[in-house]
Amino acid sequence: MQARTQESSTLQREVDPFRASLRSVRGDRRHYDRVSGDGRLVEIAGRGGVTLRGRLHDMSRGGIAIEVEGTPPADLPAGREMQVSLPGAGTIGARVSRVEWPMLALVFPLDEETGARLDAVIGTLVRGQAA
């Protein structure tokens, strides 16, 4: 029972900002500019021992696309909770939004702490592209 209560609370924290962002959409649903990745190594882990490695393809404050190495896991449905280890940001919770192997797209929670950590990585990508 406690696990269900905790999961319900977690989902509510994720859904509330997402619903607010949907209400503010005008035209294009993408709220954040996408920045090309630099190929840095990204590690992804999920429940049940799922571990993946891949290269950063692109990202924004709202999500990330990773070109994953190896064969696809048997079970990687949309909505699955994962942990993304991203150099410069540490480990960040995310949810699978799309799998088009070898490309894996995940969405990040829209809270301020996560946004600030992602902004730091995006800043390094933008500076690297400008150089």
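Over which residues does pLDDT stay under 50? In this predicted model, that stretch comprises residues 18-28, for which there are 5 contacts beyond four places in sequence. Across the protein chain as a whole, pLDDT averages 84, and 79% of the residues score at least 70.

The protein chain contains 2 helices and 7 strands, arranged along the sequence in the pattern α-β-β-β-β-β-β-β-α. Of its 131 residues, 31% count as buried. The accessible surface amounts to about 8200 Å², and carbon and sulfur atoms account for 50% of that area.

In soluble globular proteins, nonpolar side chains tend to be buried together. The largest nonpolar core of the present model consists of 25 residues, and those with the most contacts inside it are Met59, Ile64, Leu86, Leu104 and Leu106. Two or more residues are contributed by each of strand 2 (41-46), strand 3 (50-59), strand 4 (63-68), strand 5 (81-86), strand 6 (90-100), strand 7 (103-107) and helix 2 (112-130). The surroundings of Leu106 were examined with residues up to four places away in sequence set aside; its contacts then include Ile64, Ile66, Met82, Val84, Ala94 and Val96. Gly62, Gly63, Arg95 and Ser97 are also touched by Leu106.

Helix 2 includes Val121. This residue has a relative accessible area of 1% and is therefore classed as buried. Beyond its neighbours within four places in sequence, Val121 is in contact with Arg40, Met59, Leu86, Pro87, Gly88 and Ala89. Among these partners, Met59 and Leu86 are also listed with the most contacts inside the largest nonpolar core. The C-alpha atoms of Val121 and Arg61 are separated by 9.6 Å, although the two residues are 60 places apart along the chain.

Side chains of opposite charge can pair when their charged atoms come close. In the whole structure, 8 salt bridges were found. One of them joins Asp58 to Arg34, with 3.7 Å between the closest N and O atoms. Asp58 is buried, at a relative accessible area of 11%, whereas Arg34 is partly exposed, at 44%.

A second salt bridge is formed by the side chains of Arg53 and Glu69, at an N to O distance of 3.9 Å. Arg53 belongs to strand 3 and Glu69 to the loop between strand 4 and strand 5, so that distant parts of the chain, 16 residues apart, are linked. Arg53 is partly exposed at 39% relative accessibility, and Glu69 is likewise partly exposed, with a relative accessible area of 40%. Together with Glu43, these two residues make up a network of salt bridges.

A further salt bridge connects Arg95 and Glu81, whose closest N and O atoms are 3.6 Å apart. Since Arg95 is in strand 6 and Glu81 in strand 5, the pair ties together parts separated by 14 residues in sequence. Arg95 counts as buried at 17% relative accessibility, while Glu81, at 31%, counts as partly exposed. Arg95 is also one of the residues touched by Leu106.

How values were computed
Residues are numbered from 1 along each chain as its sequence is written. This is a predicted model: local features need pLDDT of at least 70, side-chain atom pairs count only at pLDDT 80 or more; totals for chains, interfaces and linings use all residues. Side-chain values use heavy atoms; hydrogens and water are left out. Helices (H or I, at least four residues) and strands (E, at least two) are DSSP runs, numbered from the N terminus. Buried means under 20% relative accessible area, exposed over 50%, partly exposed in between (1.4 Å probe, protein chains only). Accessible areas come from the Shrake-Rupley method with a 1.4 Å probe; for residues, only the protein chains shown count as cover. A nonpolar core is a set of buried Ala, Val, Leu, Ile, Met, Phe, Trp, Tyr and Cys residues joined through side-chain atoms within 4.5 Å. Contact means heavy atoms within 4.5 Å. pLDDT is the predictor's confidence in each residue, from 0 to 100. A salt bridge is a side-chain nitrogen of Lys or Arg within 4 Å of a carboxyl oxygen of Asp or Glu.
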